[in-house]
Amino acid sequence: HPHVRVEVIDSRQTSLCYGWMAIEAARAALAGKNLDQIVALVKEMIPKTRMIVTADTLKYLYMGGRIGKAKHLVGSLLNIKPLIGMEDGEIVPLGTARSRKKAYCKMAEMIEEKVGRQGRIKIAYVHAAALEEVQKLRAIIEERLTCVESIVAELSPALGVHTGPGTAGVCYYPVDAV
């Protein structure tokens, strides 16, 4: 198809971070935007779209070689919940918390730091066999931020294999920044 123009964009993200980019690109196309405008929109979203997830256990991070045996043992004894994100295409540690609830509160704080109190965001709540947990996370976040659109979805197996069942998190971007 010589008349079809294709643009490949590396989002440097995963899960519904790039899902939001695809959704917004499709919406722009339906609104009549041309390819150059859609590419510009997606490129604007890339540095502003964020993922934060927490695993229920350190077992899968250890088994996948993401953490060592000592961190696994100590973290398991102390009920440590890691906070994990993506930066420039790499999975990175964002911190830890001593319980799920504290991890969820820390996630909300991290989002607030980026977008301000009652900041307007579009957010996807993602989980690996943890719908009840993601609903708890949702309640904490939506008490502190203005979520103008939200989605709840299962994490992809490619990401879930590293964090295991019980993982809960978010993929979001600030609305006013796009």
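## A pocket to begin with

How much space lies in the second largest pocket? About 200 Å³ of space is found there. Please keep in mind that this is a predicted model.

The lining of this second largest pocket includes Glu7, Ile9, Ser11, Tyr18, Met21, Ala22 and Ala25. Leu35, Ile38, Val39 and Val42 are also among the lining residues. Two elements, α1 and α2 (35-45), each give two or more residues to the lining. Sorted by class, the lining has nine nonpolar residues, one polar residue and one charged residue.

Let us turn to charged pairs. A search of the whole structure finds 13 salt bridges. One of them joins the side chains of Arg12 and Asp88, at 3.2 Å from N to O. Arg12 sits in the segment before α1 (16-30), while Asp88 sits in the loop between β2 (81-87) and β3 (90-97), so to speak a link between distant parts of the chain, 76 residues apart.

How open are these two partners? Arg12 has 33% relative accessibility and therefore counts as partly exposed. Asp88 counts as exposed because its relative accessible area is 57%, and the cut-off for exposed is over 50%.

In one, the side chains of Glu24 and Lys122 meet at 2.9 Å, N to O. Glu24 belongs to helix α1 and Lys122 to strand β4 (residues 120-127), so this pair ties together parts that are 98 residues apart in sequence.

Because Glu149 lies in strand β5 (residues 146-154) and Arg27 in helix α1, the pair ties together parts that are 122 residues apart in sequence. Glu149 is partly exposed, at 22% relative accessibility, and Arg27 is partly exposed too, with a relative accessible area of 35%. Salt bridges that share partners join Glu24, Arg27, Lys122 and Glu149 into one network.

Now for a strand. Four of the five residues of β1 (residues 50-54) are buried, so the strand is largely enclosed by the rest of the structure.

Which strands pair with β1? One is β6 (residues 168-174), which runs antiparallel to β1 and is joined to it by five bridges. Here Met51 has Cys171 in β6 as its bridge partner. Another is β2, which pairs with β1 in the antiparallel sense over three bridges. On this side, Ile52 stands opposite Gly85 in β2.

## A closer look at Gly85

Gly85 lies in strand β2. With a relative accessible area of 1%, Gly85 is buried, because buried means under 20%.

What is Gly85 in contact with, leaving aside its neighbours within four places in sequence? The answer is Met51, Glu90, Ile91, Val92 and Leu94.

Technical notes:
Residues are numbered from 1 along each chain as its sequence is written. This is a predicted model: local features need pLDDT of at least 70, side-chain atom pairs count only at pLDDT 80 or more; totals for chains, interfaces and linings use all residues. Side-chain values use heavy atoms; hydrogens and water are left out. A salt bridge is a side-chain nitrogen of Lys or Arg within 4 Å of a carboxyl oxygen of Asp or Glu. Buried means under 20% relative accessible area, exposed over 50%, partly exposed in between (1.4 Å probe, protein chains only). On a 1 Å grid over the protein atoms alone, a cavity is a set of points where a 1.4 Å probe fits but cannot get out, and a pocket is an open set with protein on both sides within 12 Å along at least five of seven lines; lining residues have an atom within 4 Å of a point. Grid points are joined across faces, edges and corners, and a volume is the space filled by probe spheres set on the points. Ala, Val, Leu, Ile, Met, Phe, Trp, Tyr, Cys and Pro count as nonpolar, Asp, Glu, Lys and Arg as charged, and the others, Gly among them, as polar. Two strands pair if DSSP finds at least two bridges between them. Contact means heavy atoms within 4.5 Å.
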